[in-house]
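Subject: Structure handover

Hello,

Please find the structure below, with the sequence. My notes on it follow.

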Amino acid sequence: VSDGWSLAGLVELQRHGCALTSPLYGTVLAAVAEDLDRGGPCHQILAPHAGEPLGSALVLRLLGAVHRLVLAGRAPELAAHYPSAGGTPGSPEAVREAFTTTVARLAGEVAAGTDEAVQTNEVGRSAALVGGYLTVARLGLPLRVLEIGSSAGLNLRWDRFRYQADDWSFGDPDSPVRFTDAWRGTTPPLATGCEVADRLGCDPNPIDPTTPAGAALLRSFVWPDQLDRLARLDAAIEVARRVPAEVHRADGPGWLAEQLVEPEPGLTTVIVHSIVMQYLDHAARSRFSATVEQAGARATAAAPLAWLRLEPRDDRAELRLTLWPGGHELLLATSGFHGPPVKWQG
Ligand SMILES: C[S@@+](CC[C@H](N)C(=O)[O-])C[C@H]1O[C@@H](n2cnc3c(N)ncnc32)[C@H](O)[C@@H]1O
């Protein structure tokens, strides 16, 4: 039992989470549920993990391990049903059969892959974050970006993507990462230019997206019938090869405190995170907040501080910005957990 959830309950919870946006995983998870009922190979792989916390996303780890083998060409019978590998889903019965057969045949590797933590570095979140960065850029200073929970650091390259709306655009016109029609409602007066002077991130479990293993891990956690997200990820990996951004292996709160020791006059320091706070325990969140508040109190007009975050609230994500000196907090936008559609709050 994981945080009060049985394995069957976890699978059902995940099935509910995938139902609207990944019909293929809806079918796959039905196969996992049947397998649990009869103590099949999925049950054998999941059972040793039963006590792990809900946040460790056990079921997504199993699905990612299998997807990794599919993308590596190790499971042609299942690849025939996975659009990410060029297949077409076909009948639910055939998908269920292929999934269970694959897990049985590659059980050792699936079990080993299930040990890997889920790493979803979602580039779509930059479609929301860009409005925050460009609001900060109106202060007129270049930005020093410090990201907590960067994963592979893809969103650290946010200014090298292209954003195109009816009444504004920003970014590299030739970027392979393109956002169009991602925004709803009015657009606030955003800066039209923005220089990123420095970009640095941290993650306890960073991924190098420029290595084949790193790219394969990232790709495996995108749901196989979400080809637009996969294409965006591949495009962002291409940008990452051209635009360096370091991600230090470190725990967020302590790392941030170290980065903020020296103020940087002439730059606006931007502390940023997206869908990270739920991974910090209560003590770590308190340390993080205290570090941000203390740095805010030290901020000056010559060395301003911005805290930009995209974090869940109920069934959506909220983009909030606090600026120091002053400590004014703004709700800038709401969006989906993966970014678009982004609704400006004005
Ligand atoms: C859902 S992912 C979001 C990744 C990225 N921010 C994005 O939006 O695509 C959560 C990230 O938080 C990281 N994380 C977990 N605990 C952390 C901690 N104590 N300090 C910093 N990052 C942490 C995870 O490793 C993971 O990369």
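How many bridges join S10 to strand S11 (residues 328-336)? There are 7, and the two strands run antiparallel. Strands (E, at least two residues) and helices (H or I, at least four residues) are DSSP runs, numbered from the N terminus. Two strands pair if DSSP finds at least two bridges between them.

Before the rest, some background. This is a predicted model, in which local features need pLDDT of at least 70 and side-chain atom pairs count only at pLDDT 80 or more, while totals for chains, interfaces and linings use all residues. Residues are numbered from 1 along each chain as its sequence is written, and side-chain values use heavy atoms, with hydrogens and water left out.

The strands

Why is strand S10 (residues 316-324) largely enclosed by the rest of the structure? The reason is that 8 of its 9 residues are buried. Buried means under 20% relative accessible area, exposed over 50%, and partly exposed in between (1.4 Å probe, protein chains only).

The ligand

The ligand is surrounded by 19 residues, and the closest are Glu122, Arg125, Asp203, Asp251 and Ser274. The shell divides into 6 nonpolar, 8 polar and 5 charged residues. Ala, Val, Leu, Ile, Met, Phe, Trp, Tyr, Cys and Pro count as nonpolar, Asp, Glu, Lys and Arg as charged, and the others, Gly among them, as polar.

A polar backbone atom of Gly149 is 2.8 Å from a nitrogen atom of the ligand. On its own the ligand has 590 Å² of accessible area (Shrake-Rupley method, 1.4 Å probe), of which the protein covers 91%.

Gln14 lies in helix H1 (residues 7-19). Its relative accessibility is 16%, so Gln14 counts as buried. Leaving out residues up to four places away in sequence, Gln14 touches Leu29, Val59, Leu60 and Trp223, where contact means heavy atoms within 4.5 Å.

Regards

Technical notes: A residue is near a molecule or strand if one of its heavy atoms lies within 4 Å of it. A polar contact is a pair of N or O atoms within 3.5 Å; within protein, one must be able to donate a hydrogen and the other to accept it, and residues adjacent in sequence count only if both atoms are side-chain atoms.
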